[in-house]
Structures are given as C-alpha cells and as structure tokens.
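Please open the structure in your viewer and keep the selection panel at hand. The stops below are meant to be taken in order.

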Amino acid sequence: MDNLKAIARLLNVSIDFLLDDGENMDKSVIKEPINLSEYEGSRRAKKDKCVREKFPTAKINPLLAKTKLTKGQRIFDNLLGIIADAPFGTAEVYNGIVDADKNYYLAERGDKQFLVFVTDEFIISRELAKKQTSAKFEIGNIRFTKCAYEVK
C-alpha cells in the first residue's frame with residue numbers, strides 16, 4: 001500500500017487511477033498550480049477565467065457535482081432526517097464541506113473532453129477516455145450535472 005501511495009504521489013494521480021481496470025481510465029492528468037489573485041472578479045469568475053485561459057478554444061460548461069453516499073452514509077442520512085425532521089440530510093452538508101473550494105468544468109475541444117477541477121491553488125485537467133454525451137453522468141463516486149450555460 002505504501003508503494004502505491006508513493007507511485008500515485010510521484011505520478012500525481014490517485015490510487016484508484018493506478019488500480020483502474022482501464023475501462024474508464026482517464027488518458028492523462030495534469031495538475032498545475034494557479035494564482036487566483038491574477039484574475040479579476042468573484043472567486044467563481046476567477047476560476048472561470050482560469051479555465052478559459054487553459055482551454056481558450058474549447059466549449060466549457062460548469063458542472064454541478066454531488067458525491068454519492070455509501071450505504072452507511074445513506075442510512076445515517078435517513079435517520080438524521082427522521083430524527084431532526086430536517087428538510088435536507090447530511091448529503092447536502094457533506095457535499096458542501098468536501099467541495100467548498102472546488103469548481104468543476106467539462107471542457108470540449110474537438111473530439112477530446114476534459115474534466116477540470118479548480119481549487120484555490122490548482123487546476124487539474126483529466127482527458128476523459130470515454131466521451132460524456134448526456135447532461136448527467138457519473139465518474140467514480142461523483143455525479144455530475146452539466147450546466148446549460150457556457151463559460152465565456
């Protein structure tokens with residue numbers, strides 16, 4: 001396990017990526033540092049500009065992302081909703097905490113698609129091996145919904 005962690009760190013990929021059977025494996029992953037203070041606007045606008053700069057000729061759609069809950073998390077989520085009589089469960093809270101600083105995008109350039117994650121410090125681009133054609137799709141344990149508008 002330690003060797004897998006070291007290899008994943010060296011290649012700047014996840015352990016899941018190393019263990020993938022190749023069916024849905026990304027073709028390439030590039031992680032680059034960014035400085036959001038170089039861009040003007042709100043935090044979201046700065047990230048949009050960063051992605052546009054990285055993919056100047058691509059069609060870029062922002063993505064809404066929701067992490068799928070494990071069976072245990074779903075049970076806890078249902079119990080919490082019943083006990084607290086809450087209009088929302090832990091899924092919304094969990095997704096809000098985990099992805100608070102991430103913005104997701106789908107960039108399409110020619111016949112290639114890139115799943116792009118932008119944090120406050122990095123832009124991570126993954127060329128997808130399998131083209132996503134629907135407005136809703138899953139990659140790993142994350143469900144994505146393509147926004148109707150494009151990044152300008």
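The tour goes from a helix to a loop residue and then to a strand residue.

This is a predicted model, in which local features need pLDDT of at least 70 and side-chain atom pairs count only at pLDDT 80 or more, while totals for chains, interfaces and linings use all residues. Residues are numbered from 1 along each chain as its sequence is written, and side-chain values use heavy atoms, with hydrogens and water left out.

**Helix α3.** Next, colour Lys-47, Asp-48, Cys-50, Val-51 and Arg-52, which are the buried residues of α3 (buried means under 20% relative accessible area, with a 1.4 Å probe and protein chains only). Their cover includes β2 (59-67), β3 (103-109), β4 (112-118) and β5 (122-127).

**Thr-119.** Move to the loop between β4 and β5, where Thr-119 is found; Thr-119 counts as buried because its relative accessibility is 11%. Its side chain reaches the backbone nitrogen of Glu-121 at 3.2 Å. Beyond its neighbours within four places in sequence, Thr-119 is in contact (heavy atoms within 4.5 Å) with Ile-34, Leu-36, Lys-47, Asp-101 and Lys-102.

**Phe-122.** Finally, select Phe-122 in strand β5, and show Lys-31, Glu-32, Pro-33, Ile-34 and Phe-117, which Phe-122 touches when residues up to four places away in sequence are not counted.

Methods:
Buried means under 20% relative accessible area, exposed over 50%, partly exposed in between (1.4 Å probe, protein chains only). Helices (H or I, at least four residues) and strands (E, at least two) are DSSP runs, numbered from the N terminus. A polar contact is a pair of N or O atoms within 3.5 Å; within protein, one must be able to donate a hydrogen and the other to accept it, and residues adjacent in sequence count only if both atoms are side-chain atoms.
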